[in-house]
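Here is a short briefing on one protein chain. Start with the sequence and the structure shown below.

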Amino acid sequence: MRLSFPAFFKGIAAIIAVGSAIRIALALTLPWSIPTDESSPLSHIIYTANNWQLPTSSSACPPATILVYTSTFSLSTRDIAVLQASCTYEFAQPLGYYFVAAIVYIGSSLLGPAFAFYSLRILSVSFSVATIVISYMMIRLLTQNRVVLASSTLMLAFTPKLVEASVGINNDQLSWLFSSLAIYYTMQVAQGNRHPAKMGILSGLAVLTKLTCIPIAIGGALSLLLRQKIGRLVLTYLSVFSVMTLWLFVWNTIVWGSPTTRGGIPFLTLSSLEKYL
């Protein structure tokens, strides 16, 4: 039975709106690197925007001036040194988030580097707010209890650690969004609403955003297996997921010698193959 309480839904919308406003305010005011894990993703994005491939562990950092101007408007000499020293690249980063972020960075840079920096933070906020909405929809599949729905939404919107993580530049927010969507459609399997192609696409996007989302894909396959042995639904899901993701692991093995690689995952460009041609 669907809920039909307009006032209640307005309350949920208000909670999400206030949570969104808090996130936007923090994204526009918090100093550089205060949000968790912000320096490495920004270095990845700038390098990707300039080279159209992800960096390896040996790639040079972006110029210090780029990082300075995209972080804050007043930095001391010591701050600049610390900022340059914080330019590092993480290993095994899939291309999903960085492709999207690089496009946003290039477009927003037309209005200045500071605008580009804050645009990337707002991008994370938008992914976070969308995840809250999807999470609310997931909870509704489990219960129609208004107290549970309201308290869960409050927790998602205002838990300090979640708020902090959602205002920084990182790939976590997009991976959580794709994962939440994949889980949402996976949960519908129990209710007889089966969407194997959508599940495969969303699980694939989650893995292409962050490799730690692989368990999400495994859970989707198991949920279908529990409902229908090896059948059309399972094969559809696995086929779609495989088409979206297996090329990445094959590519890494050919170019880097490892399916997940500890040296960065490049875009499919000829420049990435130059030393092999």
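S40 lies in helix 2, where helices are DSSP runs of H or I with at least four residues, strands are E runs of at least two, and numbering starts at the N terminus. S40 is buried, with a relative accessible area of 8%. Here buried means under 20% relative accessible area, exposed means over 50%, and partly exposed falls in between, with a 1.4 Å probe and protein chains only. The C-alpha atoms of S40 and I169 are 9.0 Å apart, although 129 residues separate the two along the chain.

This is a predicted model: local features need pLDDT of at least 70, side-chain atom pairs count only at pLDDT 80 or more, and totals for chains, interfaces and linings use all residues. Residues are numbered from 1 along each chain as its sequence is written, and side-chain values use heavy atoms, leaving out hydrogens and water.

**Overall make-up**

- The chain has twelve helices and zero strands.
- From the N terminus, its elements read α-α-α-α-α-α-α-α-α-α-α-α.
- The chain has 277 residues, and 47% of them are buried.
- Among contacts with a separation of 6 or more, 73% join residues 24 or more positions apart; contact means heavy atoms within 4.5 Å.
- The accessible surface is about 13500 Å², with 70% of it belonging to carbon and sulfur atoms.
- Accessible areas come from the Shrake-Rupley method with a 1.4 Å probe, and for residues only the protein chains shown count as cover.

**Nonpolar cores**

- A nonpolar core is a set of buried Ala, Val, Leu, Ile, Met, Phe, Trp, Tyr and Cys residues joined through side-chain atoms within 4.5 Å.
- The largest core holds 42 residues, and I45, Y97, Y105, L120, I169 and L224 touch the most other members.
- Helix 2 (39–51), helix 5, helix 6 (113–142), helix 9 (172–187), helix 10 (196–209), helix 11 (214–228) and helix 12 (232–256) each give this core at least two residues.
- Helix 6 supplies the largest share of this core, eight residues.
- A second, separate core has 13 residues, including F8, I15, I16 and Y136.
- In soluble globular proteins, nonpolar side chains tend to be buried together.

**Y97 and aromatic pairs**

- Y97 is buried, at 0% relative accessibility.
- Beyond four places in sequence, Y97 touches I45, L123, S124, F127, I169, N170, N171, L174 and T209.
- Rings of Phe, Tyr and Trp (its six-membered ring) pair if their centres lie within 6.5 Å; planes under 30 degrees apart count as stacked, over 60 as edge-to-face, and the rest as tilted.
- By this rule there are five aromatic pairs.
- Y97 and Y98 form an edge-to-face pair, because their ring centres are 5.2 Å apart and their planes are at 75°.
- Y98 also counts as buried, at 0% relative accessibility.

**S180**

- S180 sits in helix 9.
- S180 is buried, with a relative accessible area of 8%.
- Leaving aside neighbours within four places in sequence, S180 is in contact with T131, I134, S135 and M138.

**Salt bridges**

- The whole structure has two salt bridges, each defined as a side-chain nitrogen of Lys or Arg within 4 Å of a carboxyl oxygen of Asp or Glu.
- K161 pairs with E164, and their closest N and O atoms are 3.5 Å apart.
- K161 and E164 are three residues apart in helix 8 (residues 160–166), so about one helical turn separates them.
- K161 is exposed at 54% relative accessible area, whereas E164 is partly exposed at 24%.
- K210 pairs with D172, and their closest N and O atoms are 2.2 Å apart.
- This pair links distant parts of the chain, 38 residues apart: K210 is in the loop between helix 10 and helix 11, and D172 is in helix 9.
- K210 is partly exposed at 23% relative accessible area, while D172 counts as buried at 15%.

**Surface patch**

- W52, F99, V100, I103 and I106 form a nonpolar surface patch, with about 410 Å² of accessible area together.
- Patches are made of residues with over 30% relative accessible area and no salt bridge: like charges are joined within 9 Å, nonpolar side chains (Val, Leu, Ile, Met, Phe, Trp, Tyr) within 5 Å.
- F99 is in helix 5 (residues 96–108).
- F99 counts as partly exposed, at 39% relative accessibility.
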